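User: Could you walk me through this one? I'm new to reading structures, so please spell out the terms.

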Amino acid sequence: MNLGIVVPCFNEQEVLRESSARLSALMDALQARGKITSESRLWFVDDGSNDTTWEILEELAQASTRVRALKLSRNRGHQNALLAGLLTADGDALISVDADLQDDLDVVEQMIDRFVDGSEIVYGVRRGRDSDSISKRLTAVAFYRFMHLLGAKTIFNHADFRLMSRRAIEALREFREVNLFLRGIVPLIGLNSAQVYYDRHERLAGETKYPLRKMLGLALNAITSFSVTPLRIITTIGFLIFLFTMATSLWVLWVRLFSDSAVPGWASTVLPMYFLGGIQILCLGVIGEYLGKLYSESKARPRYFIERVV
Ligand code: UDP
Ligand code: MG
């Protein structure tokens, strides 16, 4: 098989040479054992870096036929850079991996074996989160739980370390969305998939290119791109308030008509307040429902992929 390894890079001058050397060595070893062909390439994507990343990549590509490099016109973020690489690279299967080599390269071979056994998508799943800070661990767990609650099917503790077959890549191409959250999209493709487990290392060098701001952005994007549940919650709340309003209105009317404890002007002030409040939130909910539909229609996601025809 012809393998492609796709590596998005943003200001990675500190690690790039080392990563490239290790990845090339890995590919050479796999090639020597006949697991991959000599056409297999490493695809680096420079995500509009403002350090010497691109110069290093050009140099690496000159020095070795193994290395190819793409340069995005400006920084578009990890997910977009990765997509650009996946949709450009060739190969019977593509593996995506971070430039800092935090993900364990030893499982690459397992991924290939699963692919050979017929899996079209192989997810790299972290065994634990020992190498993370407490805060990152907590926010990550909270995030996955929340996504699950909202009904989006992400794979627990899987980031963007995965193998995709040519067929899965072509399916990915059909997704036209602009707000990318690949971890959410890939499971939507379906097809035969498998998981391999690994431990995550420390960054080789340099520092994280995912500051809290970008991480929150990704999480917000994930939630709003994969779930209309927040809109549905408004509908539910609106409906409950509306029921409560009906009951309260009856009570107000009853006090006004059948008792003499009502202060003059009370019913005519309080009734419309409850009533309009309830109606308004209910209406917001109804609008939310249509907005949710409009939203998913405007994404124009592919409706199905045919896995096989016999
Ligand atoms: N990255 C990118 N564009 C960005 C931010 C990050 O291409 O705007 C790349 C980065 O070079 C690395 C990968 O995305 O290869 C993951 O980033 P990082 O390792 O900094 O994230 P962390 O592992 O700390 O979550
Ligand atoms: Mg990293």
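User: Are Phe 143 and Phe 181 buried or exposed?

Analyst: Phe 143 and Phe 181 are both buried, where buried means under 20% relative accessible area, exposed over 50% and partly exposed in between, with a 1.4 Å probe and protein chains only. This is a predicted model, in which local features need pLDDT of at least 70, side-chain atom pairs count only at pLDDT 80 or more, and totals for chains, interfaces and linings use all residues. Residues are numbered from 1 along each chain as its sequence is written, chains are lettered from A and ligands numbered from 1 in the order in which they are written, and side-chain values use heavy atoms, leaving out hydrogens and water.

User: Which other aromatic pair is edge-to-face?

Analyst: Phe 244 and Tyr 274 form an edge-to-face pair, with 6.3 Å centre to centre and 85 degrees between the planes; rings of Phe, Tyr and Trp (its six-membered ring) pair if their centres lie within 6.5 Å, and planes under 30 degrees apart count as stacked, over 60 as edge-to-face and the rest as tilted.

User: How accessible is Phe 244?

Analyst: Phe 244 has a relative accessible area of 52%, so this residue counts as exposed, whereas Tyr 274, at 30%, is partly exposed.

User: New topic: what coordinates the magnesium ion?

Analyst: The magnesium ion (ligand 2) is coordinated by Asp 100 (OD) and Gln 102 (OE1), at 1.9 to 2.0 Å; donors are N, O and S atoms within 2.8 Å of the metal (3.2 Å for Na, K and Ca), and sites may look incomplete, since water is not among the atoms. Asp 100 is buried at 3% relative accessibility, and Gln 102 is buried at 15%.
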